[in-house]
Amino acid sequence: MKSYLLIRHMKVHNANAMSSTLTIGVPAVTAWMGAVHALERKVRQQEIWNHIRFPGAGISFHQCSLQVYKGIGDSYYSIIGTANPLRKKGVGFEKPPFIEEPRIHLDISLLVEVEGLDGDNDEEFPACIRRLLASMKMAGGDILNIGEISLSYADEDHPREEKKILASLMPGFVLIERADLIRQMTEKGADSLQALLDYLKVTRTAQRNDKGDITGWEYSRKGNGWLVPISVGFKGISKLGKVKNQRDFSTPHQFVENAVTLGEFRMPYRFEHVDDILWHYKYDSKNSLYLCSNHE
């Protein structure tokens with residue numbers, strides 16, 4: 001029997017849309033997993049739940065509003081940014097220099113796997129979660145409102161119980177990892193970055209009549225489904241060690257870069273098991289990879 005914490009329709013304002021140094025969109029998986037880990041630490045500070053763990057989490061996106069603008073005749077979108085506070089210049093004010101920070105407004109549901117519940121204080125647990133979330137950020141954004149918070153239980157030997165939990169994430173799209181598509185191409189000798197781009201590019205082909213005139217355009221993409229680039233962690237680019245002025249001298253330091261792979265938005269009813277949508281931490285010491293993954 002597994003326990004799950006369901007946080008429905010959490011409205012997040014101005015979340016960080018810079019998911020990696022290469023991509024802009026929904027926040028990186030590490031941002032959601034980091035928020036869940038921060039929530040776990042707050043829960044464990046409560047004496048009656050100091051043994052609780054949140055080993056995995058799934059994210060269902062109900063609505064997204066990326067803060068960008070495209071004017072008439074523009075060929076690309078521009079980030080809607082702010083530069084506050086204004087600084088005084090002469091008799092007036094001017095905007096200070098700033099780094100553009102893309103933002104996104106979200107309506108999401110979180111499904112968190114819970115370990116350590118014994119059934120004694122289950123009724124108080126959702127109220128504790130709601131109280132703790134009120135003092136937290138979520139993926140760099142402000143939590144404006146939270147819908148229902150509840151606990152659910154599922155037995156792996158009873159698929160209908162898991163399907164019921166998955167149905168509670170509807171209507172929405174859960175984000176899963178599709179690194180297997182890139183792996184299939186790299187095994188054939190392709191470059192991993194080129195494989196990623198091949199799945200993301202849209203090919204436009206002209207349709208012509210017998211006279212050779214263009215009558216329309218046909219759009220096609222490689223692969224099926226709603227495929228997107230996602231940031232799932234970090235790749236170490238230096239050895240573990242000490243550096244000058246590091247924040248925590250008791251912890252080894254390492255320079256890293258974003259690890260980007262393919263992801264897919266898929267509706268929850270298409271899954272058979274809850275584990276298929278849950279993300280977990282994964283560490284590959286051999287290749288210095290600090291990842292979030294929902295595959296074994």
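Here is a short exchange of questions and answers about the structure above.

Biologist: What kind of model is this, and how are its residues numbered?
Modeller: This is a predicted model, in which local features need pLDDT of at least 70, side-chain atom pairs count only at pLDDT 80 or more, and totals for chains, interfaces and linings use all residues. Side-chain values use heavy atoms, with hydrogens and water left out, and residues are numbered from 1 along each chain as its sequence is written.

Biologist: Which residues line the largest pocket nearest its centre?
Modeller: On a 1 Å grid over the protein atoms alone, a pocket is an open set of points with protein on both sides within 12 Å along at least five of seven lines, and lining residues have an atom within 4 Å of a point. The largest pocket has a volume of about 720 Å³, where volume is the space filled by probe spheres set on points joined across faces, edges and corners. Its lining counts 29 residues. Nearest the centre lie Ala179, Ile182, Ser192, Val260 and Thr261.

Biologist: Which elements give two or more residues to the lining of the largest pocket?
Modeller: Helices (H or I, at least four residues) and strands (E, at least two) are DSSP runs, numbered from the N terminus. For the largest pocket, the elements giving two or more lining residues are helix H4 (179-186), helix H5 (192-200), strand S14 (226-236), strand S15 (256-266), strand S16 (280-284) and strand S17 (289-293).

Biologist: How many charged residues are in the lining of the largest pocket?
Modeller: Asp, Glu, Lys and Arg count as charged; Ala, Val, Leu, Ile, Met, Phe, Trp, Tyr, Cys and Pro as nonpolar; the others, Gly among them, as polar. The lining of the largest pocket has 14 nonpolar and nine polar residues, and its charged residues number six.

Biologist: How many charged residues does the lining of the second largest pocket have?
Modeller: The second largest pocket has a volume of about 420 Å³. It is lined by 25 residues, with Gly25, Val26, Trp226, Val228 and Phe265 closest to its centre. By class, 18 are nonpolar and seven polar, and the charged residues number none.

Biologist: Which helix gives the largest share of the lining of the largest cavity?
Modeller: A cavity is a set of grid points where a 1.4 Å probe fits but cannot get out. The largest cavity has a volume of about 30 Å³, and its lining has nine nonpolar, no polar and no charged residues. Helix H1 (29-44) and strand S7 (103-115) each supply at least two lining residues. The largest share, three residues, comes from H1.

Biologist: Is glutamate 264 buried or exposed?
Modeller: Buried means under 20% relative accessible area, exposed over 50%, and partly exposed in between (1.4 Å probe, protein chains only). Glutamate 264 has 2% relative accessibility, so the residue counts as buried.

Biologist: Which residues are linked with Glu264 in a network of salt bridges?
Modeller: A salt bridge is a side-chain nitrogen of Lys or Arg within 4 Å of a carboxyl oxygen of Asp or Glu. Arginine 178 meets glutamate 264 at 2.6 Å, N to O, although the two lie 86 residues apart. Arginine 266 meets glutamate 264 at 3.0 Å, N to O. The network links Glu264 with Arg178, Asp180 and Arg266.

Biologist: How do the rings of tryptophan 32 and phenylalanine 61 pair: what is the geometry?
Modeller: Rings of Phe, Tyr and Trp (its six-membered ring) pair if their centres lie within 6.5 Å; planes under 30 degrees apart count as stacked, over 60 as edge-to-face and the rest as tilted. The structure has six aromatic pairs. In this one the centres are 6.1 Å apart and the planes at 75°, making the pair edge-to-face.

Biologist: Where does each partner of that pair lie in the chain?
Modeller: Tryptophan 32 is buried, with a relative accessible area of 1%. Phenylalanine 61 is buried at 3%. The pair links distant parts of the chain, 29 residues apart: tryptophan 32 in helix H1, phenylalanine 61 in strand S2.

Biologist: Which residues is serine 150 in contact with, leaving aside its neighbours within four places in sequence?
Modeller: Serine 150 lies in strand S10 (residues 149-154). Serine 150 is buried, with a relative accessible area of 16%. Contact means heavy atoms within 4.5 Å. Its contacts, those neighbours aside, are Tyr4, Leu5, Leu6 and Pro126.
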